[in-house]
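Thanks for asking me to look this one over. Please have the sequence and the model open side by side while you read.

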Amino acid sequence: MSAAAGRLRRDTAGMVFTSRHTAPPPWRGQVLFLLRHALIGFALAGLFVAAVLWSNAFGLGDLLLAAAGHPLPLLLLWFFTGLTLGSVQMGVAVMGLGEDSDAL
């Protein structure tokens with residue numbers, strides 16, 4: 001085993017780095033946690049918009065598909081619904097961090 005191999009370490013994500021380099025920032029895992037849950041919220045928003053188009057509730061599906069700037073109203077509905085559902089999903093995930101599974 002060489003001297004350089006003795007200085008190799010692994011971080012929590014399994015990435016190899018040497019002792020000469022600094023470890024990844026400690027907040028990286030927290031940011032990835034929030035990003036993952038925000039993306040879950042945006043996926044749920046996509047399902048919601050698809051359900052609105054499919055059900056055509058109050059003629060909203062026809063109105064969105066017949067709009068002059070066709071993709072823009074649909075994109076805006078998805079984006080702002082995604083912001084709302086993503087924020088709710090992140091909030092629920094953060095509040096659920098402190099729960100004990102034995103208490104349920």
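The points below go from the overall fold to one helix and its aromatic side chains.

1. A word on the basis. This is a predicted model, in which local features need pLDDT of at least 70 and side-chain atom pairs count only at pLDDT 80 or more, while totals for chains, interfaces and linings use all residues. Residues are numbered from 1 along each chain as its sequence is written, and side-chain values use heavy atoms, with hydrogens and water left out.

2. The fold. The protein chain has four helices and two strands, in the order α-β-β-α-α-α along the sequence. Both kinds of element are DSSP runs numbered from the N terminus (helices: H or I, at least four residues; strands: E, at least two).

3. Burial and surface. Of the 104 residues in the protein chain, 17% are buried; here buried means under 20% relative accessible area, exposed over 50%, and partly exposed in between, with a 1.4 Å probe and protein chains only. The accessible surface of the chain is about 7,900 Å², and carbon and sulfur atoms make up 71% of that. These areas come from the Shrake-Rupley method with a 1.4 Å probe, and for residues only the protein chains shown count as cover.

4. Taking contacts (heavy atoms within 4.5 Å) with a separation of 6 or more, 48% in the protein chain are between residues 24 or more positions apart.

5. Helix α4. L74, T81, G82, G86 and A93 are buried in α4, and their cover includes α2 and α3 (60–65).

6. Aromatic pairs. Which rings pair up, and how? There are three aromatic pairs, by a rule that takes rings of Phe, Tyr and Trp (its six-membered ring) with centres within 6.5 Å and calls planes under 30 degrees apart stacked, over 60 edge-to-face and the rest tilted. One of them is F42 with F79: the centres are 6.2 Å apart and the planes at 45°, so this pair is tilted. F42 sits in helix α2 (residues 28–55) and F79 in helix α4 (residues 71–95), so the pair ties together parts 37 residues apart in sequence. F42 is buried at 18% relative accessibility, whereas F79 is partly exposed at 35%. F79 also pairs with F80, with centres 5.2 Å apart and planes at 75°, so that pair is edge-to-face. F80 is partly exposed, at 48% relative accessible area.

7. The cluster and W78. Ring pairs join F42, W78, F79 and F80 into a cluster. W78 lies in helix α4 and is partly exposed, with a relative accessible area of 32%. Leaving aside neighbours within four places in sequence, W78 contacts F42, A45, G46 and V49. W78 and V49 are 29 residues apart in sequence, yet 6.3 Å apart from C-alpha to C-alpha.

8. A surface patch. L72, L75, L76, W78, F79, F80 and L83 form a nonpolar patch on the surface, with about 640 Å² of accessible area together. Patch residues have over 30% relative accessible area and no salt bridge; like charges are joined within 9 Å, and nonpolar side chains (Val, Leu, Ile, Met, Phe, Trp, Tyr) within 5 Å. A salt bridge is a side-chain nitrogen of Lys or Arg within 4 Å of a carboxyl oxygen of Asp or Glu.
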